[in-house]
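I opened this model to look up its spaces and a handful of residues. My entries follow in the order I made them.

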Amino acid sequence: MLESQRRKIARHDAILSTLAKLDYANRSQLQRLHDLRSDRNARKVLDGMREFISSFRSDSGENVYHLNKSGRERVNSAIVRNKLSTCGHYLMRNDAYIYYGAPADWKNEARIKADGEGTSHIIVDSYFMYEMRRHFLEVDHKQHMSKNKEKIERYKRLKATGVFQEKLRYFPRLVWITLTEARRKQLAEWCDGLDVTIHLWDEIR
């Protein structure tokens, strides 16, 4: 096999692995993650992978990609993803993944459980290590703020168990990605008592 062909296969497999990890990704995100250079080259590479990936148009008009049946089989992924009417939540989470340097241990929809006085658990949008510190990620994409407040209260109950502090010597930092300054201000107020960082989506993409 020619070296150029081996590189092509390796690049395709890397892109498929990224889609298995992130579920969905748009062209510009894959372009940044896999150094696909120009928009034209990125489209050419992704068009050449139609055997393994499917796509649909996002609200912004950019193609969003996900694994099809052949792609799932190629990377041994059992999770089926189909076309969505809106995929903003996934794209916001992806931009956080890229912003934080694509952590190797990044895990989406992680179930975090603490067995302490009053067992507490929570499903976090993502859980990852960055600069030698554990982080929780929550994505606020046009959801009711009451749901966000409820989620924050669950983090506070999780912290109150003391389990993380005993194990890690600290409670992980909570990172939010949101859409407006007003929502950021409200989230910051509710997160009083937690180590928190709140980004606007436009700041990190």
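**Entry 1: Asp23 and its surroundings**

I began with Asp23, where a polar contact of 3.2 Å joins its side chain to the side chain of Arg81. The model is a predicted one, and I kept that in mind throughout. I placed Asp23 in the loop between H1 and strand S1 (25–26).

Is Asp23 buried or exposed? I looked up its relative accessibility and found 7%. The cut-off for buried is under 20%, so Asp23 counts as buried.

I then listed what Asp23 is in contact with, leaving aside neighbours within four places in sequence. The list reads Tyr65, His66, Ile79, Arg81, Tyr90 and Arg93.

**Entry 2: the cavity**

I next asked how many cavities of 30 Å³ or more there are. The count comes to one. About 50 Å³ of space lies in the largest cavity.

I wrote down the lining of the largest cavity: Leu19, Ala20, Asp23, His66, Leu67, Arg72, Ser77, Ile79 and Arg81. H1 and strand S3 (63–67) are the elements that give two or more residues to this lining. By class, I noted four nonpolar, two polar and three charged residues. Asp23 from my previous entry is in the lining, and so is Arg81.

**Entry 3: Asn63**

I moved to strand S3, which holds Asn63. Asn63 has 19% relative accessibility and counts as buried, because the cut-off is under 20%.

What does Asn63 touch, not counting residues up to four places away in sequence? I found Ala25, Asn26, Arg27, Arg50, Ser55, Phe56 and Arg57. With Arg57 there is also a polar contact between side chains, at 3.4 Å. I checked Asn26 as well: its C-alpha atom and that of Asn63 are separated by 5.6 Å, while the two residues are 37 apart along the chain.

**Entry 4: Lys21**

I went back to helix H1 (residues 3–22), where Lys21 is found. Lys21 has 28% relative accessibility and counts as partly exposed, because that value falls between the 20% and 50% cut-offs.

Leaving aside neighbours within four places in sequence, I found Lys21 in contact with Tyr97, Pro103, Ala104, Trp106 and Asn108. I also looked up the separation of Lys21 from Ile177, which is 156 residues away along the chain. Their C-alpha atoms are separated by 19 Å.

**Entry 5: the pocket and the domains**

I turned to the division of the protein and recorded domain 1 (1–84) and domain 2 (99–203). Taken over C-alpha atoms, the centres of the two domains are 29 Å apart.

The largest pocket has a volume of about 280 Å³. Its lining has 21 residues, and those nearest the centre are Ser58, Ser60, Leu91, Trp201 and Arg205. I noted the elements that give two or more residues to this lining: helix H2 (27–33), strand S2 (53–57) and helix H5 (88–99).

Which domains contribute to the lining of the largest pocket? At least three residues are drawn from each of domain 1 and domain 2. By class, the lining has five nonpolar, nine polar and seven charged residues.

**Entry 6: Arg183**

I looked up Arg183, which lies in helix H8 (residues 181–190). Its side chain makes a polar contact with the side chain of Asp140 at 2.7 Å. The side chain of Arg183 also reaches the backbone oxygen of Gln143, at 2.6 Å.

With neighbours within four places in sequence left aside, I listed the contacts of Arg183 as Asp140, Lys142, Gln143, Met145, Asn148 and Thr178.

**Entry 7: the whole chain**

I counted nine helices and eight strands in the protein. The C-alpha trace spans about 60 × 35 × 30 Å along its principal axes.

How many of the 205 residues count as buried? The share is 46%. I also took the contacts between residues at least 6 apart in sequence, and 55% of these join residues at least 24 apart.

Note on methods:
Residues are numbered from 1 along each chain as its sequence is written. This is a predicted model: local features need pLDDT of at least 70, side-chain atom pairs count only at pLDDT 80 or more; totals for chains, interfaces and linings use all residues. Side-chain values use heavy atoms; hydrogens and water are left out. On a 1 Å grid over the protein atoms alone, a cavity is a set of points where a 1.4 Å probe fits but cannot get out, and a pocket is an open set with protein on both sides within 12 Å along at least five of seven lines; lining residues have an atom within 4 Å of a point. Grid points are joined across faces, edges and corners, and a volume is the space filled by probe spheres set on the points. Helices (H or I, at least four residues) and strands (E, at least two) are DSSP runs, numbered from the N terminus. Ala, Val, Leu, Ile, Met, Phe, Trp, Tyr, Cys and Pro count as nonpolar, Asp, Glu, Lys and Arg as charged, and the others, Gly among them, as polar. Domain bounds come from an automatic or database domain assignment. A polar contact is a pair of N or O atoms within 3.5 Å; within protein, one must be able to donate a hydrogen and the other to accept it, and residues adjacent in sequence count only if both atoms are side-chain atoms. Contact means heavy atoms within 4.5 Å. Buried means under 20% relative accessible area, exposed over 50%, partly exposed in between (1.4 Å probe, protein chains only).
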